[in-house]
Amino acid sequence: MNHYQHKVQYYETDQMGIVHHSNYVRWMEEARIEFLTRLGWEFRKMEDMGIVSPVTAIEGKYKRSAKFADVVDVAVFVTEFNGIRLKLRYEIRGSAGELLFTGSSEHCFTDSDGRIINMKKEYPAVYASIAKQAQA
C-alpha cells in the first residue's frame with residue numbers, strides 16, 4: 001500500500017465548500033503517478049522509454065464529503081497485475097481517518113503507437129517493481 005496526501009484547494013469546491021465529485025478521480029490519478037514515481041518509474045521516464053499507460057476502466061463510491069482545506073490521504077493498492085493489465089484500488093480518507101471515497105482503476109500498457117505491450121516480456125524491471133507491490 002502506498003499513500004499520497006492532497007490538500008483540498010478552494011477551486012476544487014462548490015459554493016458550500018464541498019469538493020466537487022470529479023476531483024476524487026483526479027486525486028486517484030495523482031496518487032497513481034506518485035505511486036509509480038516512488039517505485040522509480042516516473043511517468044516522463046516511462047514515456048521516454050515508449051511506455052504509455054491509458055485508463056481502461058474507472059469506478060468510485062462516495063461515502064462522505066471532503067471540504068476546502070482538508071488534507072486527504074489516498075491509499076493505493078495493487079489488486080492485480082499480469083504484465084498487460086494493472087488494476088488499482090484506492091481509499092481516500094479525511095484527516096481524522098474517516099473513509100470518504102473508495103475507487104478503482106484499470107490500465108493497460110501500450111507503446112507510443114497504441115500497440116498493447118506485455119511489461120513482463122518487454123520491460124521486466126518495470127514489471128518486477130509493480131508485481132512486487134501486488135504481493136505486499
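1. Contact here means heavy atoms within 4.5 Å. On that basis, and leaving out residues up to four places away in sequence, Ile 92 touches Tyr 24, Trp 27, Val 72, Asp 73, Val 74, Glu 98, Leu 99, Leu 100 and Phe 101.

2. On the basis of the note: this is a predicted model, in which local features need pLDDT of at least 70 and side-chain atom pairs count only at pLDDT 80 or more, while totals for chains, interfaces and linings use all residues. Residues are numbered from 1 along each chain as its sequence is written, and side-chain values use heavy atoms, with hydrogens and water left out.

3. The largest nonpolar core has 32 residues. Such a core is a set of buried Ala, Val, Leu, Ile, Met, Phe, Trp, Tyr and Cys residues joined through side-chain atoms within 4.5 Å; buried means under 20% relative accessible area, exposed over 50%, and partly exposed in between (1.4 Å probe, protein chains only). The residues with the most contacts inside this core are Trp 27, Ala 66, Phe 81, Ile 92, Phe 109 and Met 119. Two or more residues each come from α1 (22–38), α2 (43–48), β3 (71–81), β4 (85–93), β5 (99–108) and α4 (124–135). Helices (H or I, at least four residues) and strands (E, at least two) are DSSP runs, numbered from the N terminus. α1 gives the most, six residues.

4. α1 has 17 residues and reaches 25 Å from its first C-alpha to its last, close to the 24 Å expected at 1.5 Å a residue. The expected span is 1.5 Å times one less than the number of residues. The buried residues of α1 include Asn 23, Tyr 24, Trp 27, Met 28, Ala 31, Arg 32, Phe 35 and Leu 36. Just after this helix, Gly 40 takes a positive phi of about 95 degrees.

5. β3 is mostly covered, with eight of its eleven residues buried. β3 runs antiparallel to β1, to which six bridges join it, and antiparallel to β4, with eight bridges. Two strands pair if DSSP finds at least two bridges between them. Val 76 in β3 is the bridge partner of Asn 2, and Lys 87 in β4 is that of Glu 80. The β3–β4 hairpin has three residues between the strands, and there Gly 83 takes a positive phi near 95 degrees.

6. His 3 lies in β1 (residues 2–7). Its relative accessibility is 35%, so His 3 counts as partly exposed. Beyond four places in sequence, His 3 is in contact with Arg 38, Asp 73, Val 74 and Ala 75. The side chains of His 3 and Asp 73 make a polar contact at 2.6 Å. A polar contact is a pair of N or O atoms within 3.5 Å; within protein, one must be able to donate a hydrogen and the other to accept it, and residues adjacent in sequence count only if both atoms are side-chain atoms.

7. The buried residues of α4 are Val 126, Tyr 127, Ile 130, Ala 131 and Gln 133. Seen down the helix axis, they fall within an arc of 150 degrees, so they line one face of α4; the arc is that of the directions from the axis to the C-beta atoms. Lys 132 and Gln 135, on the other side of α4, are exposed. The cover over the buried residues of α4 includes β1, α1, α2, β3, β4 and α3.
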